[in-house]
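Here are my notes on the model you asked me to look through. They are set out as numbered points, so that each can be checked against the coordinates in turn.

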Amino acid sequence: MGIEALALQGLCIRLGGAQILHDVTLDVAAGSFTCLLGPSGCGKTTLLRAIAGFAPLSSGDIRLGARSVAALPPEKRGTAMVFQSYALWPHMTVVGNLTYPLKLRGVAKAERAARAEHILDLLDLSGFGERKVTSLSGGQRQRVALGRALIIDPPVLLLDEPLSNLDAAIRRNLRGELRRLQQKLGITTIMVTHDQEEALSMADTIVLMRDGRVVQVAAPQSLYTRPADLDAGRFLGVDNIVAGRAEDPVQATTLGFRSVEARIAEASAANALTRHGTVLDCAYTGGGYHLQLDTGAEVIAAVSGAPIAPGSEVCVAVPAASLMAFGPDQMLLPN
Ligand SMILES: Nc1ncnc2c1ncn2[C@@H]1O[C@H](COP(=O)(O)OP(=O)(O)OP(=O)(O)O)[C@@H](O)[C@H]1O
Ligand SMILES: [Mg+2]
């Protein structure tokens, strides 16, 4: 099958009397890598299941290329999904697992073996074909699960937190591997994650969700620097939210900035937000120190290259370019 674009149009899903997805509309470009990012329970898995055909829509349409697939059962949609739990068959070999979807589709034995060989090679699993999946490491099992999805040559690949069961080092390696594989195959991919670093490092486009709604659709850099509202900012690591003051270089009800942008300064700096306060706490973080500062009005997190004794009076400065300005409705103000 060729690579296809995916369009979600006004998707609504009700489950058990509650509305889980509200009017989700999204265009996913052919061959792109999209991450669904958002807190637990916001509807990421439900949205992926809806695309795959496992969660019925209350209203809306799903289009793959030029055709609507909303009324089709999962196996007729051409989408392939990798579940967080892998869902491999423990009693089968690696090849048995890989070729299972082909068997279901009535593909002949010789063809199945040839495609399995190709997938093993693609995923760097050559020689593992006859092993039981229970004898594989977590990272190897993850690759088998990915292979089982890729073997049907799907136009769209759906991944539900595929890396979250793995430890940090393997996870970082697999991020790169998965991204390179996706680019090599050019396959339209949607991956669910609640890890912002994972989304920022892998996606062409990030879809930020909250309470069953799409809050923002943006490239990683613009989501990081221009979150749509205060909550989106907090979710993306904007750990300082302060009330704006008349002397600040940017005028807003509320200003947000990350602690890494807040540094100890000698005195009020030009074209920067400055706040004076008392150091509450100073912790070594490897390579530097993380400070908590009480300004009287709020507690600010900042960084310092050198330790500073709690109780010291200091000034922190944040460059104007690192400030995010929010209005009274908590929405980001235009630049
Ligand atoms: N079958 C169901 N019946 C009723 N409510 C459901 C059903 N499945 C999911 N929900 C609810 O829908 C909401 C979204 O669930 P979903 O699994 O899509 O969230 P998620 O964003 O994937 O969360 P997580 O990051 O924890 O996996 C949750 O409040 C969940 O309790
Ligand atoms: Mg989920």
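The points below go from the domains to the ligand shell, the core, and then some individual residues and strands.

1. This is a predicted model, and the remarks that follow should be read with that in mind. The domain assignment of the protein gives two parts, domain 1 covering 6-233 and domain 2 covering 238-326. Taken over C-alpha atoms, the centres of domain 1 and domain 2 are separated by 40 Å.

2. The shell around ligand 1 consists of 13 residues, of which Gly 16, Ser 40, Lys 44, Thr 45 and Thr 46 come nearest. The elements giving two or more residues to this shell are strand β2 (18-28) and helix α1 (44-52), and the largest share, 3 residues, comes from α1. By class, the shell around ligand 1 has 8 polar residues, 4 nonpolar ones and 1 charged one.

3. Strand β2, which was named above for the ligand shell, is also the place of Asp 23. Asp 23 has a positive phi of about 50° although it is not a glycine, and a colleague checking backbone geometry may wish to look at it. Is Asp 23 exposed, partly exposed or buried? With 14 other C-beta atoms within 10 Å, Asp 23 is partly exposed, because a residue counts as buried if 20 or more such atoms lie within that distance and as exposed if there are 12 or fewer.

4. A second residue other than glycine with a positive phi is Asn 271, where the value is near 50°. Asn 271 is found in the loop between β13 (263-265) and β14 (272-284), and it is exposed, with 10 other C-beta atoms within 10 Å.

5. The largest nonpolar core has 79 residues, and those with the most contacts inside it are Cys 35, Leu 36, Ala 149, Leu 158, Ile 206, Val 207 and Val 318. The largest share of this core, 5 residues, comes from α5. Both domain 1 and domain 2 take part, each giving at least three residues to the core. As background, nonpolar side chains tend to be buried together in soluble globular proteins.

6. Which residues does Leu 158 touch, once those up to four places away in sequence are not counted? They are Leu 48, Ile 51, Ala 52, Thr 79, Ala 80, Met 81 and Ile 190.

7. Helix α3 (residues 94-104) has as its buried residues Val 94, Val 95, Asn 97, Leu 98 and Thr 99. These buried residues pack against α4 (109-122) and α5 (138-150), and α5 is also the element that gives the largest share of the core described above. After α3 comes Gly 106, whose phi is positive, near 75°.

8. In strand β11 (residues 240-243), Asn 240 and Val 242 form the covered face, while Ile 241 and Ala 243 form the uncovered one. β11 pairs with strand β12 (residues 254-257) in the antiparallel sense over 4 bridges, and within this pairing Val 242 stands opposite Leu 255 in β12.

9. Ala 265 is found in strand β13 and counts as partly exposed, with 17 C-beta neighbours inside 10 Å. Leaving aside neighbours within four places in sequence, Ala 265 is in contact with Thr 274, Cys 315, Val 316 and Ala 317. From C-alpha to C-alpha, Ala 265 and Val 217 are 36 Å apart in space, and they are 48 residues apart in sequence.

How values were computed
Residues are numbered from 1 along each chain as its sequence is written. Chains are lettered from A and ligands numbered from 1 in the order in which they are written. This is a predicted model: local features need pLDDT of at least 70, side-chain atom pairs count only at pLDDT 80 or more; totals for chains, interfaces and linings use all residues. Domain bounds come from an automatic or database domain assignment. A residue is near a molecule or strand if its C-beta atom, placed from the backbone, lies within 6 Å of it. Ala, Val, Leu, Ile, Met, Phe, Trp, Tyr, Cys and Pro count as nonpolar, Asp, Glu, Lys and Arg as charged, and the others, Gly among them, as polar. Two residues are in contact if their C-beta atoms, placed from the backbone, lie within 7 Å. A nonpolar core is a set of buried Ala, Val, Leu, Ile, Met, Phe, Trp, Tyr and Cys residues joined through C-beta atoms within 7 Å. Two strands pair if DSSP finds at least two bridges between them.
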